[in-house]
Amino acid sequence: FTVNDVTTFADLVKAWEKREQTLSRIMDIYMSQKESRVLENQFIGLLQVLESLHRELFPPDPSLEAIFKVRLQSIHEKVRGVLEETDRELLKVNLEYANQKRLSERLVDLDNLLQKEGIQGLEQWDANKIARTRNNLTHVTQHGNTYNAKEMLQIIRCLNRMAQALILKEL
């Protein structure tokens, strides 16, 4: 938005108060990652901010959630008596969030939203590789190609710009 979009400072304060409970948690994460001198912590923190903003900007459709819940229950009923308890539990854990978007899909959604506003988002960075890098850092594994420190610094700048634009959009 521009200064012309905000008629008074009071309007901005009212917008903040309306969204304060949700945005303050997001802002806490955003500000804490900015204080870190460790690139990996900044990277992970910014992705956490962007995932949270995605959940705010793209809330789940309650009717689809209800359909998924019924479908999930049906699957559990079908495997009862067919699979052992440990296998049923494994299936339950793995299907619990099957209806939610992966990080790479969330990043693409946010990128598209920003591009519609004329704001540069992910630029040349690959959302799948960003997600893979985050997973490797979070789980201390090395699966597939990830970003080096120089690339990570550039991505952090990009993710930071995206987070700032989306936070301002939420006001």
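This is a predicted model: local features need pLDDT of at least 70, side-chain atom pairs count only at pLDDT 80 or more; totals for chains, interfaces and linings use all residues.
1. Helix α1 spans residues 9–35 and helix α7 residues 149–170; their axes lie 11 Å apart at an angle of about 160 degrees. The two helices are therefore roughly antiparallel (angles over 145 degrees).

2. Helix α3 (residues 62–79) packs against α4 at about 165 degrees, with 11 Å between the axes. This angle makes α3 roughly antiparallel to α4. Phe68, Leu72, Ile75, His76 and Val79 of α3 make the contact with Arg88, Leu91, Lys92 and Leu95 of α4. Six of these residues are nonpolar, one is polar and two are charged.

3. Glu85 belongs to helix α4, residues 85–95. The Glu85 side chain makes a polar contact with that of Arg88 at 2.3 Å (a pair of N or O atoms within 3.5 Å; within protein, one must be able to donate a hydrogen and the other to accept it, and residues adjacent in sequence count only if both atoms are side-chain atoms).

4. The C-alpha atoms of Glu85 and Asn148 are separated by 43 Å, the residues being 63 apart along the chain.

5. Residues are numbered from 1 along each chain as its sequence is written. Local features need pLDDT of at least 70, side-chain atom pairs count only at pLDDT 80 or more, and totals for chains, interfaces and linings use all residues, while side-chain values use heavy atoms, leaving out hydrogens and water.

Technical notes. Axes are lines fitted to C-alpha atoms, for helices over the stretch in contact, and angles run from 0 to 180 degrees between N-to-C directions. Helices (H or I, at least four residues) and strands (E, at least two) are DSSP runs, numbered from the N terminus. Angles under 35 degrees count as roughly parallel, over 145 as roughly antiparallel, 65 to 115 as roughly perpendicular and the rest as oblique. Contact means heavy atoms within 4.5 Å. Ala, Val, Leu, Ile, Met, Phe, Trp, Tyr, Cys and Pro count as nonpolar, Asp, Glu, Lys and Arg as charged, and the others, Gly among them, as polar.
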